[in-house]
Amino acid sequence: MKKLYNTFALAVMSGIMIGFGGVVFLMCENRVVGSLLFSFGLLTIVCQGFALYTGRVGYFRQYGWAQMAATLAGNFVGTFIMAKLFALTRLPIGEAVQGIVATKLADSTLSVFVLAVGCGAMMYLAVDNYRKSKSWLFVIMPIVIFILSGFEHSIANMFYLSLAGEWGWEAIRITIIAILGNALGSWMVNATNFLLKEE
């Protein structure tokens, strides 16, 4: 049980870091600059050993169901806290997040899923490449790619949806689909790596 509590606490910290990344992205008019600065969140997560769902789900066999559930719950709590705190500030992020959220809520299930698979693949590559090389560049580039491509990151979406105050059925739908798509994208790349090692 203590291990789950630790995972939850580390996951809350990850959610907070994603929240910081989301805030700076919303503050940037230039999406390229915003995506580069957003990567600070994941860089901090991998360097500090925090628990992020999209960074861990590709290693599901290592963590298991209980830890992944604790990770998701902690990520949601962290992003929710950040969203509610920054909603109280004078920062001009409300209009920007409303536009982002409106686009996501209007998207089809299939589109969200495909975009989430792409994000899951990028996130797995970011974490796995960092584990192997310890190079910050391999963390930043996949993040920039998934943001500029419009891929769906389930935890970042939790922050945006919470900031916009949108947690109706459509928000729940796209969140669940993004969670599943992120997992599949990560597992696909992980499986490819496993098959290559077997040759």
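Helices α2, α5 (94-105), α7 and α8 (154-164) each supply at least two residues of the lining of the largest pocket. Helices here are DSSP runs (H or I, at least four residues), numbered from the N terminus. This is a predicted model, in which local features need pLDDT of at least 70 and side-chain atom pairs count only at pLDDT 80 or more, while totals for chains, interfaces and linings use all residues. Residues are numbered from 1 along each chain as its sequence is written, and side-chain values use heavy atoms, with hydrogens and water left out.

The largest pocket holds about 290 Å³ of space. Of the 17 residues that line this pocket, the closest to its centre are Ile 100, Lys 104, Ile 147, Gly 150 and Phe 151. On a 1 Å grid over the protein atoms alone, a pocket is an open set of points with protein on both sides within 12 Å along at least five of seven lines, a cavity is a set of points where a 1.4 Å probe fits but cannot get out, and lining residues have an atom within 4 Å of a point. Grid points are joined across faces, edges and corners, and a volume is the space filled by probe spheres set on the points. By class, the lining of the largest pocket divides into nine nonpolar, four polar and four charged residues. Nonpolar covers Ala, Val, Leu, Ile, Met, Phe, Trp, Tyr, Cys and Pro, charged covers Asp, Glu, Lys and Arg, and the others, Gly among them, are polar.

The second largest pocket has about 210 Å³ of space. It is lined by 13 residues, of which Ile 45, Val 46, Phe 50, Val 127 and Arg 131 are the closest to its centre. Helices α2, α3 and α6 each give at least two residues to this lining, which has eight nonpolar, two polar and three charged residues.

The structure holds one cavity of 30 Å³ or more, and the largest cavity has a volume of about 30 Å³. Its lining consists of Ile 18, Phe 38, Leu 42, Leu 52, Met 123, Ile 143, Phe 146 and His 153. The elements that give two or more residues to this lining are α2 (31-48) and α7 (137-148). Seven of the lining residues are nonpolar, one is polar and none is charged.

Leu 42, in helix α2, is buried at a relative accessible area of 4%; buried means under 20%, exposed over 50% and partly exposed in between (1.4 Å probe, protein chains only). Not counting residues up to four places away in sequence, Leu 42 touches Leu 52, Met 123, Ala 126, Val 139 and Ile 143, where contact means heavy atoms within 4.5 Å.

Another residue of the cavity lining, His 153, has a side chain that makes a polar contact of 2.9 Å with the side chain of Thr 54. A polar contact is a pair of N or O atoms within 3.5 Å; within protein, one must be able to donate a hydrogen and the other to accept it, and residues adjacent in sequence count only if both atoms are side-chain atoms. Thr 54 is found in helix α3 (residues 53-56) and is buried, with a relative accessible area of 1%.

Lys 134 lies in the loop between α6 (109-133) and α7. This residue is exposed, at 57% relative accessible area, and has a positive phi of about 60° although it is not a glycine.
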